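Please find below my notes on the model you sent for comment. They are set out as numbered points for discussion.

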Amino acid sequence: MFKQIKDLAGGEFYLIASLLIFMVFFIMVGIYLIKMNKTHIVEMSNLPINEPQPNEYEEV
Amino acid sequence: MQLEKFTYDNKIVRNFGIATIVWGVIGMLVGLLVAMQLFKPEMNMGNQYTTFGRIRPLHTNAVIFAFVGNAIFMGVYYSLQRLLKARMFSNLLSNIHFWGWQLIIVSAVITLPLGITSSHEYAELEWPIDIAITLIWVVFGINMFGTIIKRRERHLYVAIWFYIATFVTIAVLHIVNSFQLPISFLKSYYVFAGVQDALVQWWYGHNAVAFFLTTPYLGMMYYFLPKMANRPVYSYKLSILHFWSLIFIYIWAGPHHLLYTSLPGWAQSLGVAFSVMLIAPSWGGMINGLLTLRGAWDKVREDVTLKFMVVALTAYGMATFEGPMLSLKQINGIAHFTDWIVAHVHVGALGWNGFLTFGILYWLIPRIYRTALYSKKLASFHFWIGTLGILFYAIPMYWAGFTQGLMWKEFTPEGLLKYANFLTTTLQIIPMHILRAIGGALYLLGAIVMTYNLAKTMLKGKLVANEEAEAMALEKVVAHEDPADKKWHRILERKPMKFMVLSMIVILIGGMVEMMPTFTIESNVPTISSVKPYTPLELEGRDLYIKEGCVNCHSQTIRPFRSETERYGEYSKAGEFVYDHPFLWGSKRTGPDLHRIGGKYSNAWHYNHMLDPTSMSPGSIMPPYPWLITQKLDTTQTVAKIRAMQTLGVPYRENFDAVAQAKLKEQAEAIAADLKQNNIEVKSDREIIALIAYLQRMGTDIKANKTTIPSNQ
C-alpha cells in the first residue's frame, strides 16, 4: 500500500513539500484553536438557536 | 444602540424551495429513465434525442445543478438572513438570481438532448451557458456579500464560512474548467488537451462534489440541525478545524479519478495521499453533526426531519469513508469504470444531499407558511420508502461493481481472459440493474409523496412573504478596545472579504502544485513523434462522438494491467492524447474501452454495428444509431474547426484549412467505396462515414500496422 507513495522516481519532492505545507497549515489552525476564547465559542455556537423560532404552529 | 425593525424575505426562499421540488422530481425521473435504458434498450425510444448518451448528462445536470443547486440557494437565503439579522441585500438581485438560474436549467434541458455538449463531465453545457452561469453566480455573490456587509450580527457563524468557501471555490473551478475556444454560437474546443485537460476536468469534477455537494450542505447542516434539535452544535472548535482542513485538503484529491492513467505518477500519488487524509475532516463534520444530537436522540424517534438528518449524516460518513478507500490504487484498480462508483456517488447523492434537502424542506415550508405539516404520516412514509430506495439502489450496484470488476480481471489457468467477450460481463449484471431501477423508483415515489404533502401544507397555510424581525444596529468596533478582538479568527469572522481571500488562497495551493508542473514541465507529458493530428473527417467524426455522448459509456484509456492489455491492446500513453481537445477518457465502462478500436474491425462491421448493435453483438444493450446513416454530415464548420485547432497549437501545416474540405471528401469517398465492396450502399457525405473514420483512427498512431481490414474480408 505504501509502495505507491514511497517509490515515485523523482516525484517525492512534490509529495514531501505538499505534506509539509499541510502540516504547517494544520498546526497553525491547531494553535489558534487552543488559544480561542471560551466565552466567545459559547456565544458563537448559540447563534442559530438564540433567535426566536416561529414554531408555535407545530403540533406537539 | 437602537433597536431596528426589518423583515426577512421568505418569498425567495419559497421560490427556491418549489424549484428544488419540481427539478428534483424531474431529475430523478430522467434518472429512472436512464437506469431502465441499461436493461431495456427500447427505452432509448428510437430517436436521437432520448438516447442514453444524451440523456445521462441531463440527469446528472438536473439533480446536481437544478435539484441540489436550488436547495442550496433555498437553505442559504433562509439561514443567511437569520444568522446576519438582515434582509437579503437586494430583492432585485434575489429575483435575477432565481430566474436566471431557472433559465440556465431550461437551456440545459434544451441543449443536452440536442447533443450540444462540451463533453466535460458535470460541465457539459456549452460556452454561452457557461458565461450565463458565471454572471448569475456573481449576482448570487453580490447579494450574499451585500447582506453580510449590512448585517446586524458582528461575527459570522460557521455556516456562513462554508457558504463563502462555496461561492469563491465554485467561481474559480467553473472559470478554469471553462477555458474554451468558441467555433460557433454553440460549439467550442477546450484550450487544454489530453492529460492536461483530464487533470483540469477532474480537479473541477472532484471539487464540484466538494464545493457544490458538500460545503454548502455542511453549512446548511450547521444551521438547520441545531435549529431542529434546539441545541448548539457539539463542538464549535471542531467545526473550525474541520472547515479549514476540509477546504485545504479537498482540492488536492482530484487525481484519484485518474489513477493508472497516463497522468504523471507523482500527481496520482499526491491525489491518493490527500484523498486518504480527507477522511479526517469529513468525519469531523459527520461526528460534529451526529453528536449535536447528544441527549436529544429521543427527539429523533418523534421528529421526521431529524430522521432525515441522521440518515443524511450517516450516508455522508459512509460515502466519505468509501471515497478514501476507493482512492487506494489496489481498490481503484477493481472499482474504477464499474457500477461501484455509481453506487458510491448515489449513497452521497440520495443519502446526503437528497435526505438533507428533504429534512430541511419538511422543517422550513411549514415555518414560512405559519402552519403545521399537512401529514406527518406521509412524511414518515417518505422517510422509510426513501431509505428502502437507497438500499435497493446501492446494494445491487455494489454487487454489480464487484462482479464486473472481477470478471474483467479473471484469467483461465491457461492464461487467457476468462470473459474475453466484454458483453458477457454486461449481461451478467442486468438483474442488478433491474433492482437498481426499482430502488430508484421507490426513492422517486417518496419524493412525489413529499411534493403532495408540501403542496397541501402550502395550501393549508399562508406564506409570510416578509417576516418581521428586530435587532440592534451594529456599532463600529475599534479593535484595540478589546485585546481579545485582535485574535485573527475573530478578526476574520468580522472581515468577510479578508476571509474570502484567505479561503481562496487555501484552495488555490493544491490545484497549483498539481497543475503547474504538469503544464510547464515537458517530461510530464512525453510526446510521441508518430502521433499526428486528426484528419478533417476524423475531427468531424470525433465531434459526432462527443455529440452522441459516447464517452458516457465508453472509456478511451487503457490501464497498464495485463487484464486490460490482453483485452484491448497496448496501454495508453500521455503522448497519444496531445491533440485531443477535449480528452475523452471517460469514467465508466458500460461498454468496452475504445482506445485501440482503430483497425480492429472492418468499416462494414462498424456500419452494421451502429445501425443495429445486436446484429454484430447479440444481446448488446447499446442503442441503435440509424440517424447517423440518414443524416448529412455538417461540414460548414470544418474549416473553422481546423483553424481553431491551429490556434490551440495543433500542428496542421500552413494553409491546411484551404484544402481541408477536399481532404475530407477524399477520405469519405474511400470509406464509402470500401463499404460498397461489402454491398453497403451509403453516400459518402453521411455522418456515419465520419464516425467510422474517427473510430478507425483511434489509438492507431503507435501501432506498427495501421491498415484497416477491408470490408469484404
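This is a predicted model: local features need pLDDT of at least 70, side-chain atom pairs count only at pLDDT 80 or more; totals for chains, interfaces and linings use all residues.

1. Residues are numbered from 1 along each chain as its sequence is written, and chains are lettered from A and ligands numbered from 1 in the order in which they are written.

2. The secondary structure of chain A consists of four helices and zero strands, where helices (H or I, at least four residues) and strands (E, at least two) are DSSP runs numbered from the N terminus. Along the sequence this gives the pattern α-α-α-α. Of the 60 residues of chain A, 10% count as buried; a residue is buried if 20 or more other C-beta atoms, placed from the backbone, lie within 10 Å of its own, exposed if 12 or fewer, and partly exposed in between.

3. Chain B is divided into domain 1 (1–152) and domain 2 (536–697), with bounds that come from an automatic or database domain assignment. The C-alpha centres of domain 1 and domain 2 of chain B lie 34 Å apart, and 17 residues of domain 1 are in contact with 15 residues of domain 2, contact being counted if the C-beta atoms, placed from the backbone, lie within 7 Å. On the side of domain 1 of chain B that touches domain 2, there are five nonpolar, nine polar and three charged residues; here Ala, Val, Leu, Ile, Met, Phe, Trp, Tyr, Cys and Pro count as nonpolar, Asp, Glu, Lys and Arg as charged, and the others, Gly among them, as polar.

4. Helix 5 (residues 158–176) and helix 6 (residues 194–212) of chain B pack at an angle of about 160 degrees, with their axes 10 Å apart. Helix 5 of chain B is therefore roughly antiparallel to helix 6 of chain B, since angles under 35 degrees count as roughly parallel, over 145 as roughly antiparallel, 65 to 115 as roughly perpendicular and the rest as oblique. Axes are lines fitted to C-alpha atoms, for helices over the stretch in contact, and angles run from 0 to 180 degrees between N-to-C directions.

5. Helix 7 (residues 215–229) and helix 14 (residues 339–368) of chain B pack at an angle of about 40 degrees, with their axes 11 Å apart, which means that helix 7 of chain B is oblique to helix 14 of chain B. Helix 7 of chain B contributes B:Tyr217, B:Met220, B:Met221, B:Phe224 and B:Met228, which meet B:Trp352, B:Asn353, B:Leu356, B:Ile360 and B:Trp363 in helix 14 of chain B. By class, this contact has nine nonpolar, one polar and no charged residues.

6. B:Lys85, in the loop between helix 2 (52–84) and helix 3 (91–111) of chain B, has a positive phi of about 50 degrees although it is not a glycine, and B:Lys85 is buried, with 20 other C-beta atoms within 10 Å. B:Asn655, in the loop between helix 25 (638–647) and helix 26 (656–677) of chain B, has a positive phi of about 60 degrees, again without being a glycine, but B:Asn655 is exposed, with 8 other C-beta atoms within 10 Å.

7. The peptide bond from B:His581 to B:Pro582 is cis, with omega near -5 degrees, and B:Pro582 is placed in the loop between helix 21 (562–568) and helix 22 (603–611) of chain B.

How values were computed
Two residues are in contact if their C-beta atoms, placed from the backbone, lie within 7 Å.
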